[in-house]
Amino acid sequence: MTRNLLTPSESPARSARRVLTCATLCLFLFCCSNHAGAAAPVQSRPATADAAAPVPDLTQSVNFVWTLVAGFLVMFMQSGFALVETGMCRAKNAANTMSMNFLVYPLSMAGFFVCGFAFMFGGINGIPAGHAAAPIGGPASLGLHGVHALNHMFYLTIGGKPWGLLGLHGFFLSGRAYDPRVAVVFLYMMVFMDTTATIPTGACAERWRFKSFTLFSFCVGAFIYSFYGCWMWGGGWLAQLGINAGLGHGAVDFAGSSVVHLQGGVLGLVMAWMLGPRLGKYDPMGNPRPIFGHHMPMVMFGTLLLGFGWFGFNAGSTLSATNGSIGLIAVNTMLASGAATLSSTFFMWKFYGKPDPSMMCNGMLGGLVAITAPCAFISPPIAFLIGAIAGVLVVWSVLFWERRGIDDPVGAISVHGVGGLWGLIAVGLFANGTFGEGHNGVAGNVKGLFYGSGGQLLAQIIAAVTCIAWNLVIGGAVFYAVGRLTGANRVPPEIELAGLDIPEMGAPGYPEFITQISQEQITASEIAAVKSKYSDF
């Protein structure tokens with residue numbers, strides 16, 4: 001029985017040939033990219049700049065360390081996501097869920113390394129100075145503002161002004177992107193992207209085929225995440241709404257409520273809808289039934305790990321250890337997480353009779369997501385308010401989607417999608433004009449509607465609509481294509497009923513504590529019974 005379960009679907013020799021072919025292709029693309037970067041004419045680049053790039057001054061060196069350590073904290077958040085998602089799933093799927101959270105890191109990283117980073121950041125210094133608007137420019141704190149790196153933007157000129165669409169420099173971190181300053185930015189941006197790629201693994205847990213997951217996760221890092229990331233953080237058209245259209249400071253998302261979380265939440269929404277709910281989630285009348293996770297202590301520990309790593313997420317986004325606002329950003333982050341935990345807990349307690357540990361955790365995470373965009377531009381009392389609202393929104397959203405047939409085992413759509421949307425809009429409401437001087441190339445500090453800038457709120461709304469539309473349409477199309485290429489996005493019903501650990505991974509998560517059932521042991525009559533009993537098949 002074990003031999004049949006673990007026998008691969010193709011011979012090892014054939015698999016090895018596929019791996020070697022892919023590796024050869026990647027090496028060829030790398031060589032071409034490196035040759036193109038080396039052959040490209042260097043435009044008036046002073047020799048002193050070349051010599052100075054590898055030897056930053058003391059301030060830049062300190063900022064390098066700060067940004068890298070913050071990036072390490074964000075990378076450590078992957079363990080928190082793995083614990084939260086695995087604990088909220090059933091024991092028969094523990095190895096599968098944990099493996100997805102593990103492998104999504106190198107898969108999405110590969111896509112981001114090959115082309116995703118270039119698409120996102122490769123044009124931040126790339127709008128020609130002769131146009132009506134100068135480039136927004138890379139982070140000056142890391143010595144990347146206005147240098148001849150990341151300086152090729154594909155843009156359209158509309159109304160005499162350039163609107164950036166896509167970066168085209170930095171593939172494989174080669175050519176002029178082979179630079180220690182660029183490397184620091186790459187690491188930090190890569191771990192942010194990994195969070196977006198991880199979010200759908202929770203929304204689609206317990207029924208997503210591993211082959212489909214593998215290919216889709218690479219696509220997230222390669223281009224799905226990066227296009228909107230360019231428009232918001234890479235000097236693209238959403239960031240330019242301020243300098244080109246006079247809408248406040250353009251779309252503002254300090255640390256990723258939309259770039260990271262709203263993108264991931266919307267991807268999770270469209271993918272969960274396309275996959276359909278888990279078997280047994282709804283009764284014959286379409287009413288939702290609870291499917292409890294197997295390890296709530298694991299969920300709560302993972303949530304605390306995420307809360308710890310979030311300080312690197314938000315305070316680290318200054319990209320500068322010498323930025324005086326890092327303490328305020330950290331405090332705002334902490335206050336929002338606490339307020340959201342309290343509001344979600346007491347909301348459940350008041351209206352449903354029990355506080356519910358899973359909603360405590362999702363409430364805290366929703367508050368952290370919501371504060372990520374406005375954390376640098378608001379006061380502590382407003383941070384507490386934003387978090388308190390987020391905690392209630394998450395609980396309401398979980399119940400809202402569940403009642404409409406969207407089965408999200410971990411609440412990822414609500415935490416990241418709804419929380420991210422609220423955080424993005426909160427900037428346009430509550431930014432108080434104290435911080436953000438020169439953000440996105442616009443003079444003055446960032447102000448929201450309640451402090452005199454309706455244009456800022458409009459820019460935030462445009463960004464929100466763009467983010468949702470991009471990920472619904474492109475994410476859904478890519479997911480459909482992946483399903484066609486891999487045979488199916490969802491596992492067969494007999495595998496879902498038996499559990500994905502053995503059939504998909506070849507190893508159980510808990511061999512000593514639960515009885516494993518193979519898919520061969522699921523009879524046709526059992527599948528027929530599921531079809532007749534549940535409306536979600």
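Start by selecting Thr198: in this predicted model, its relative accessibility is 0%, so Thr198 counts as buried, the cut-off being under 20%. Colour by secondary structure and you will find Thr198 in helix 6, which covers residues 180-203.

Now show what surrounds Thr198. Leaving out residues up to four places away in sequence, Thr198 touches Gln78, Phe81, Glu85, Asn101 and Val104. Pick Val104 from that set and draw a C-alpha to C-alpha distance to Thr198: the two are 6.4 Å apart in space, yet 94 residues apart in sequence.

Next, jump to Asn63, in helix 4 (residues 58-88). Is Asn63 buried or exposed? With a relative accessible area of 2%, Asn63 is buried. Display its side chain together with that of Ser320, and you can trace a polar contact of 3.5 Å between them. Beyond neighbours within four places in sequence, Asn63 is also in contact with other residues, among them Ser141, Leu142 and Thr322.

For the last stop, select helix 9 (residues 257-275) and helix 14 (residues 412-430). Their axes come within 7 Å and cross at roughly 140°, which means helix 9 is oblique to helix 14. Helix 9 passes helix 14 in a left-handed crossing. To view the contact, show residues including Ser257, His261, Gly265 and Gly268 on helix 9, and His416, Gly417, Gly420 and Leu424 on helix 14.

Terms used. Residues are numbered from 1 along each chain as its sequence is written. This is a predicted model: local features need pLDDT of at least 70, side-chain atom pairs count only at pLDDT 80 or more; totals for chains, interfaces and linings use all residues. Side-chain values use heavy atoms; hydrogens and water are left out. Axes are lines fitted to C-alpha atoms, for helices over the stretch in contact, and angles run from 0 to 180 degrees between N-to-C directions. Helices (H or I, at least four residues) and strands (E, at least two) are DSSP runs, numbered from the N terminus. Angles under 35 degrees count as roughly parallel, over 145 as roughly antiparallel, 65 to 115 as roughly perpendicular and the rest as oblique. A crossing is left-handed if the near helix is turned anticlockwise from the far one by less than a right angle, and right-handed if clockwise. Contact means heavy atoms within 4.5 Å. Buried means under 20% relative accessible area, exposed over 50%, partly exposed in between (1.4 Å probe, protein chains only). A polar contact is a pair of N or O atoms within 3.5 Å; within protein, one must be able to donate a hydrogen and the other to accept it, and residues adjacent in sequence count only if both atoms are side-chain atoms.
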